[in-house]
Amino acid sequence: MPSLPSLNKIKDSISNGLEIISSKSENLVEVSRLKYKIHSEENSMEDLYKDMGKELYTIFKTNKHVDGSLLDYCNTLKKIENRIKKLQKELYKTDNKE
């Protein structure tokens, strides 16, 4: 039968292992969450690109001058790009915590 100090070492080893697994699991969940947010933001950008293209083509078809009517799309796209960059930085930090 193992001695009490041996059992304590085994217990400590198991406890440390569980802490590492828990930490890595939390990290994995955070990485997944950030990747989902980035994907969602990229989908928003794609939707805006489509809307912007439709509006531009409508303006083009009527032989009108393309003007500032597309500024709202561009400004919104810029905001989304900035959010994606911020999320990617956060993802990089989270993914490299190991």
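Which side chain meets that of Arg33 in a salt bridge at 3.5 Å, N to O?

1. The partner is Glu90, whose side chain forms a salt bridge with that of Arg33 (3.5 Å, N to O); a salt bridge is a side-chain nitrogen of Lys or Arg within 4 Å of a carboxyl oxygen of Asp or Glu. The pair links distant parts of the chain, with Arg33 in helix H1 and Glu90 in helix H2, 57 residues apart. Helices are DSSP runs (H or I, at least four residues), numbered from the N terminus.

2. This is a predicted model, in which local features need pLDDT of at least 70 and side-chain atom pairs count only at pLDDT 80 or more, while totals for chains, interfaces and linings use all residues. Residues are numbered from 1 along each chain as its sequence is written, and side-chain values use heavy atoms, with hydrogens and water left out.

3. Arg33 also meets Glu30 in a salt bridge (2.5 Å, N to O). Glu30 and Arg33 are three residues apart in helix H1 and therefore separated by about one helical turn.

4. The whole structure contains three salt bridges. One of them joins Arg83 to Glu41, with the closest N and O atoms 3.0 Å apart. Because Arg83 lies in helix H2 and Glu41 in helix H1, the pair ties together parts that are 42 residues apart in sequence.

5. Glu41 is buried at 15% relative accessibility, whereas Arg83 is partly exposed at 41%. Buried means under 20% relative accessible area, exposed over 50%, and partly exposed in between (1.4 Å probe, protein chains only).

Notes:
Helices (H or I, at least four residues) and strands (E, at least two) are DSSP runs, numbered from the N terminus.
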